Amino acid sequence: MNIGICGLGTVGSGTFNVLNRNTALINARAGANIQIVQIGARRDNPACDPTGVSVTRDIFEVVDNPAVDVVVELIGGTTIARELVLRAIANGKHVVTANKALIAQYGSEIFEAARRQSVMVAFEAAVAGGIPIIKTLREGLGANRIEWLAGIINGTSNFILTAMEEEGRAFDDALADAQALGYAEADPSFDVEGIDAAHKLVILASLAFGIPLQFDKVYTQGISKLELQDVAYARELGYRIKHLAIARQSEGGVEVRVHPTLIPGNSLIAEVDGVMNAIMVKGDAVGPTMFYGAGAGAEPTASAVVADIIDVARALNSAPEARVPYLAFSGANFNGTPILPIEAVHTAYYLRMSALDKPGVLTAVGSIMSDRGISIEAIIQKRPRPGQDHVPLIMLTNKALESDLMAAVTAIEDLDAIAGKVVHIRVEALDK
Ligand code: HSE
């Protein structure tokens, strides 16, 4: 089976090196002789040595090359990559891609084109780097009604959060490190604003719940506005703050949301630090499961790319209708479950406000909450610092409807005794 690699960046060079290093065992597993026949890349990469392989600066030469059976798209982005992948499919070639943005935004179009041409499109590396979570949801957990999944699926955000929390590093410093190590997106705002995690979550939600890919319906919030004092208060309450991607079957629809989240400090997933990723999946038959590994980087991502190449080789001789469906459900068998707007989500909350230190303020805040049926689970009030008349007031609520909670936040902000905005961060127990 002849493959052509488009893109020789971090993942492209990693893929080249893994294929070369493990050739014999990869071929034995695939039952095929896998050969890299062409590489398309704008520039060389000192991380690999493609001597002996035809290298072109024109990536479209690779997708038009009659000798290429499988195009491995590792250029990223959604403009040229979309054109490249659709042209590869039109040319009757199978596609392996690590491109989450492409699948999240143009997956429906790409899978329809691929179905018409009876070619495979594999994208394990698009979500959580080396963790085989696509295969897990599509095949391993195929018996289950998935109740929810929650993951740390942006390595850069987790790396920054960990560095800030454990080493007191500045946000910009930690981000620069993540960029130097090749974890961050070309545009790092995709990482720190939650867009990269949202791309990945769209894919996971579709596989888990049998819904179409709907990137525009994901509630997306990153870590860029998170303050260190909230990380510290969360710890005091027994929690850690992680950037979580959550998809949950709820009444009337599926919640699909990405945001900083307080999670119990004693949960396994709270221990996932640095660039590592982890995804918890709760199935009705299997119960809670957790998958952990490197979510970014050259060879961890290459591990997933090469696994897809092996899968393509194994499936080459099976009839298209006998292959594993692109999005887990055969045909276009999506169910009609809607993605819920964020206002309809039920979650607990961490709130922090700056309250005037005088009698009656706590009562006023408490009655705003109780008027909306929101129960307070824990509360901390700090002593005023010398010379200051406002004190930090921190509370945890029980689960409430997002729209009720937001109405309460607005009413609290309107109180004369409260200065500035109320910081509000969602809390997930991840226990049921
Ligand atoms: N920028 C991504 C991350 C790379 O930090 O997780 C892997 O998709």
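**Tour: a parallel sheet and a cavity**

Select strand β2, residues 35-40, together with β3: the two pair in the parallel sense over 3 bridges. The model on screen is a predicted one.

Stay on this pair and pick Gly40. Its bridge partner in β3 is Thr56.

Now widen the selection to the whole sheet. The sheet is open and has 6 strands, in the order β3-β2-β1-β4-β5-β6, with parallel pairing. At the edges are β3 (54-56) and β6 (121-122), each of which pairs on one side only. Strands of a sheet pair through backbone hydrogen bonds, either parallel or antiparallel.

Rolling a probe the size of a water molecule over the atoms shows where empty space is left. How many cavities of 30 Å³ or more does the structure hold? There is 1, and the largest cavity has a volume of about 30 Å³.

To display the lining of the largest cavity, select Val202, Ala205, Ser206, Ile211, Pro212, Gln214, Val218, Val256 and Ile339. Then show helix α10, residues 195-209: this helix provides the largest share of that lining, 3 residues.

Finally, colour the lining by residue class. For the largest cavity, 7 of the lining residues are nonpolar and 2 are polar, with no charged residue among them.

Technical notes. Residues numbered from 1 in each chain as written. Predicted model: local features only at pLDDT ≥ 70, side-chain atom pairs only at ≥ 80, totals over all residues. Heavy atoms only, no water. Pairing = 2+ DSSP bridges. Helix = DSSP H or I, 4+ residues; strand = E, 2+ residues; numbered from the N terminus. 1 Å grid on protein atoms, 1.4 Å probe; cavity = no way out; pocket = protein on both sides within 12 Å on 5 of 7 lines; lining within 4 Å. Points joined across faces, edges and corners; volume = space filled by probe spheres on them. Nonpolar A, V, L, I, M, F, W, Y, C, P; charged D, E, K, R; others polar.
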